[in-house]
Structures are given as structure tokens and as C-alpha cells.
Amino acid sequence: MSQTVDSGPSEVVAAPPPKRGKPILSEGKKAERRLGLLLCAPAAIVMVAVTAWPIIYSVWLSLQRYDLRFPDQREFVFLDNYIAVLSDGYWWTAFGITTLLTVVSVVIELVLGMLLALVMHRTIVGRGLVRTVSLIPYGIVTVVAAFSWFYAWNTDTGYLTDLLGAQAPLTQQIPSLLIIILAEVWKTTPFMALLLMAGLALVPDDLLKAASMDGASGWQRFTKVIIPMMKPAILVALLFRTLDAFRIFDNIFVLTKGANDTSSVSMQTYNNLIRGLNLGIGSTMSVLIFIAVAIIAFIFIKLFGASAPGNDPGGKR
Amino acid sequence: MTVIVTGPVSKAAGRKATGRKVRWGIVDIVVVVYALIPVLWTLSLSFKTAEAQTDKGFFPSEWTLQNYRDIFTTNEFIRALINSIGIAIIATLIAVVLGTMAAYAIARLDFPGKQLLVGVSLLIAMFPQVSLVSPLFEMERQLGLFDTWPGLILPYITFALPLAIYTLSAFFREIPWELEKAAKMDGATPAQAFRRVIAPLAAPGVFTTAILVFIFCWNDFLFAISLTSTEASRTVPAALSFFTGASQFEAPTGTISAAAVVITIPIILFVLFFQRRIVAGLTSGAVKG
């Protein structure tokens, strides 16, 4: 055997097995801490540089009047942008629409996702097939799916045009919103189902059998055994999907471009920034969305309690 | 995978089992139809002739490859496809390398700030991407990154990293690291132990993560449309909305659909070949993370 002790990987594996609870750090322990920090540093630096710094910068921009069409009028205006946005009807309409879309689609997804998870978990024929096709909506490019729905409902091309009973559904608010929800639900239900399926796999079969022996019906087993045991998985899935749905953009952009009061907050920000080239207002909206998402996340994490992902102290098993 | 029910062979039980199979079979068909309809519709549109685009039929009455010929003879689509592939692959490689380093440390080492790192990546996973669009737009303009590959690669890496770190650290925790010690006891050098024992065990997790990250980068639209302005870096999802018809009276339905089909192919291939891995990756990272 040739002696080749060199190269990066050997350093990685050469770290001694960690020990806990020593007040004085041994050499090996110190080396381990150093290596750990070193390995994490690049990822941490990139994540902070591309998110934390821009957010701070965005707060700074949001306090200025800054329109790229009139760059010489740039000046510090404190909270004027916030007053302008928050007293604007369009913003609140967009906020209401975003909230509505988020709540409705997440609720539908939860129900459908649970059904799909049960199918993927329990089906006795073609389990591989079901799982494979379910991944297609998850994997497909959102814009591609959105175009498919757009052409399906478009009066010129669509095979579904007459289904909602409305003339040109994509030019009216309510039918448009329904179609946006449909597109959103179609695309993300499988993801929800996969997260739920992971929780479903944690429910021991013995427990279900025992419940069944004790005379519990299928529905009782579902509500009294499966749901309580899946609670952490359900909360994780809800959190991820709610925050994800709140930033809805792609589907609206393709389906309606935000016309007829179907705009979301992301769409509004895009319109002000890229179409309007108004950096001050765009940044103000960015900050407001950030705050809204932080509040939603905070509420969920309060609900999570100890089951929040990331509270896992582990790493060493 | 098909589970074959091997129960008591009495006729009644056999009938019951068949009945259950049929019921599940019907449920399966519903799922398949649900998942495939929009895909088949796009496929159908891409094969319709320009005149048939407005006939509203689900299937083309007359098949043509003209739409595909059209997109592959214009620079617009080919450039966008090259941008999409290049940007997604580079971002995936970097994110997976950085993610592997961080995930290894999280799964195996004890160091200060570990909880912080896990917390920060969780925060970024939930971060509203649109909040970054305004500042990044301005910063990239000043740094000369606007409308370049790195200008998109950077935010992609950032948002892919939490996904990579979570999925990989979940995989790494499952690896029996004692094998490494055993190999060393048997006289393997650390490098050999890593190459022969640990790398093969870790490879599937890394590979799965790479697929998930690639799908994420491939999918992005918001950054692609906000941080690009020309063909230099516009990816396919963004380029689609700039497609124009052959004449101003003709909608670009056929060409958009053909382009949509082309960028769906890699997704279909991943799903077909790596279904099990993708499911494992998505579920492990999400729940055990």
C-alpha cells in the first residue's frame, strides 16, 4: 500500500471524536472547533452577504426619494415612502389579495396534500408510479406550468375557457383569482404531500393496529392517532408553504400580470421597481414584505414550540 | 414498487384483495391524470400548427415540429437555454460544495455558533426573495453584476444553501461513521478511509442534494426577470415572456409551448430516474433537519 497522507479530505476525517462537557479545551477539541468554523465560514459568509447586507441596504434605500428616472432628485425623506405606500389603496388591495391567495391555497393544499400523502404512503398498487408522477408538478418550472394554465383558460386557445361560465375568465377578478389558486395548488400540493408523508412514516403501524383492535374506525384512527402524531410534520409543512405562498409571483405574472386587482405584494414591488424604476418605493415594499413574513414566521414558531426544526440539539449520534 | 399481497388463499379473501387493488388502482389513475394534464396540454400545444392553436382541442388534429424548428433557429432561445444550463450548473456545484462542508461540520463537529448557522439557514429558507430584489438590483448595478451570470448565480447559491445544508446534514447523520474508524484500524490511511469508505456512503446524499438544488435554480423566475435585461444572462423562464409571434397578429403560443417542453425534459428525466432519491431528500431534510 502506498503511503499517501496529504490533501484536504484527510484533514477533514482526521478530526478526533468529539467529547462533551469539558471545561478546559484540549488540543483536539480546539482543532475541532477551528475546523468546524472553517468549514462553515464560506456558506455563512455567502448567505449573510447576499441577504443580511442587502436588507440593511434596502432599509437605507427605503428612507430616500430615489427614482432612477429622476436621479438628481434623490434625497433623504425619512418615512415619507412608508407613508406613501401604506396610505395607498393599491398596496392594501395587493396585501389583501396576497393574504387571500395564501390562506385559500394553503388550506386546499393541506387537504389535498394529506390525501395525496395517504395515497403515496398506503397504495398497494403502483406506489412507484404515483410517487414519480407526483414529483412532476413539484419539479416543473412554475412559469411553464403557469403558461399551460394560461393557454388552458385563454379565450383564444383554451380547452377550459367556458368552464367557469365567465366570458374571458382571465380578464375578470374572481375567475382570475380562482385560476391563480388552481395553478398554485396544482404545483405545490405534491410538495406538501411529501412533507406530510415524512410525518406519516413516523406513525407506527402497531399503534394503528392496536387502535383498530380496540374498535376504532378508519376516520377515528385518522383523527385520533395519525393527526396528533403528525402534528410536527403538519406544522412544518404549513409554515413552509404559507411563507412560500405569501411570495407568490410567477403564476400571477404569467396569468394576469396583476391586472384587474389580482396583483400580489411581490408583483407590486416588481412593478414599482423594474417597470417604474422607483427604487425608494420598491425598497419600502421590500422592507414591508420582509416584516410581514417575519411576523408570520414568528407566529408559526410560537405555535411550533419545541418541535421547530433547528431546535434539534443533535448532530452527534 | 408494487406490494404483492400474500394473504390467506381463500376465495373471499382473494376477491377482497382484488377489490382493494382495483380501488387503489382507480385512485392511482386520478393522481396520474391530475399530475399530467397540464404537461400534456403544453406538449399538445407545442405540436399544433399555427392555424390549429386556436381550435381549442386538447389534442392536435395535425402534428408538426415547426415550433421546435422555430425556437432552435432563433438565437433568442438558444442563448437563454445556454444561460439557464450554465447558471444552474455553476450555482449547483458551488452550493453543493459549500453546503457539504457546512453540513459535515454540523453533523459531525462541535463548535460555537452551530445553532446560529442552522437558525440563519432556516431564516433564509423562509426569506421573501422579493425583499432582496430591490437592493440587489441597485447593488448589482453599482458593482457591474447586473445582467451577468454571477449576478444570478450569487442569489441562487444563497437560496440553495439552506436546502443543501438541511438535506446534506440529514444524510450525513445517517452515515455510520464508525466504519471510518474500523477502516483505519485495519490499516487504512485517513485519505484511504475517506475515499474508500466515507465518500461512497456520502455520495448518494450529495448527488440527491445536487438534483434538488439544480431544480431550484432551474425554476427561478423572480431573480431571472428582475436582475437581467438582455440575452446576455436571461434564462429560459424569463425569456419565455419576451417571445413574440412570427407576425404581430400571431400569438407565440406554439413557440412558448415548445420551449416550455424543452426545459421540462431535464425535470422529467430526474423524476423518472431518481424518484426515490428525490423523495428521500425532500422528506429527510424537512422533518429531521
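This is a predicted model: local features need pLDDT of at least 70, side-chain atom pairs count only at pLDDT 80 or more; totals for chains, interfaces and linings use all residues.
The predictor gives the complex an ipTM of 0.88 and a pTM of 0.86. For chain B, the mean pLDDT comes out at 86, with 93% of its residues at 70 or more.

**A helix with a bend**
- Take a look at helix 9 of chain A, which runs over residues 218-246.
- With 29 residues, a straight helix would reach 42 Å, but the end C-alpha atoms of helix 9 are only 35 Å apart.
- Where does helix 9 of chain A bend? The spot is A:Lys231, where the bend is about 60°, and the proline A:Pro232 follows within four residues.
- Buried residues of this helix include A:Met230, A:Ala233, A:Val236, A:Ala237 and A:Phe240.

**Nonpolar cores**
- The largest nonpolar core holds 162 residues, and A:Leu196, B:Ala102 and B:Ala160 have the most contacts inside it.
- Setting aside neighbours within four places in sequence, A:Leu196 is in contact with A:Met230, A:Ala233, A:Ile234 and A:Ala237, among others. A:Gly113, A:Met114 and A:Ala117 are also in contact with A:Leu196.
- There's a second, separate core of 5 residues, among them B:Ala191, B:Ala193, B:Val197 and B:Ile198.

**Where the chains touch**

Note on methods:
Residues are numbered from 1 along each chain as its sequence is written. Chains are lettered from A and ligands numbered from 1 in the order in which they are written. Helices (H or I, at least four residues) and strands (E, at least two) are DSSP runs, numbered from the N terminus. The expected span of a helix is 1.5 Å times one less than its number of residues. The bend at a residue is the angle between axes fitted to the seven residues ending there and the seven starting there. A residue is buried if 20 or more other C-beta atoms lie within 10 Å of its own, exposed if 12 or fewer, and partly exposed in between; C-beta atoms are placed from the backbone. pLDDT is the predictor's confidence in each residue, from 0 to 100. A nonpolar core is a set of buried Ala, Val, Leu, Ile, Met, Phe, Trp, Tyr and Cys residues joined through C-beta atoms within 7 Å. Two residues are in contact if their C-beta atoms, placed from the backbone, lie within 7 Å.
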